[in-house]
Amino acid sequence: MAFAWRAANLSYLQYSQICAKAVRNALKTEQRIVAQKREEQGLKFAKWANGKQGELKSVATEPTAV
């Protein structure tokens, strides 16, 4: 028996992203705002030298588009 997401030619990751977006869109306004903030991702970078961490710099400052 094939899974529905596999029959639709989707990977499990694509399927789970679609499901998560549907759940977030179904939430009431207050909970949706909190969920969207949780969705934002950032990337920080620090150069290490002689076993010590250098200054932490933000690489991606813009949140992901919804």
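Tyr12 is exposed, with a relative accessible area of 52%. This is a predicted model, where local features need pLDDT of at least 70, side-chain atom pairs count only at pLDDT 80 or more, and totals for chains, interfaces and linings use all residues. Residues are numbered from 1 along each chain as its sequence is written, and side-chain values use heavy atoms, with hydrogens and water left out.

User: Is Tyr15 buried, partly exposed or exposed?
Analyst: The cut-offs go like this: buried is under 20% relative accessible area, exposed is over 50%, and partly exposed is in between (1.4 Å probe, protein chains only). With a relative accessible area of 33%, Tyr15 is partly exposed.

User: What is the angle between the planes of Tyr12 and Tyr15?
Analyst: Rings of Phe, Tyr and Trp (its six-membered ring) pair if their centres lie within 6.5 Å; planes under 30 degrees apart are stacked, over 60 edge-to-face, the rest tilted. The structure holds one aromatic pair. That's Tyr12 with Tyr15, tilted, at 5.9 Å centre to centre and with a plane angle of 45 degrees.

User: Which helix has the highest confidence?
Analyst: pLDDT is the predictor's confidence in each residue, from 0 to 100, and the chain averages 82. Helices here are DSSP runs (H or I, at least four residues), numbered from the N terminus. Confidence is lowest in helix α1 (residues 4-7), at a mean of 83, while the highest, at 90, belongs to residues 12-26, helix α2.

Key: Helices (H or I, at least four residues) and strands (E, at least two) are DSSP runs, numbered from the N terminus.
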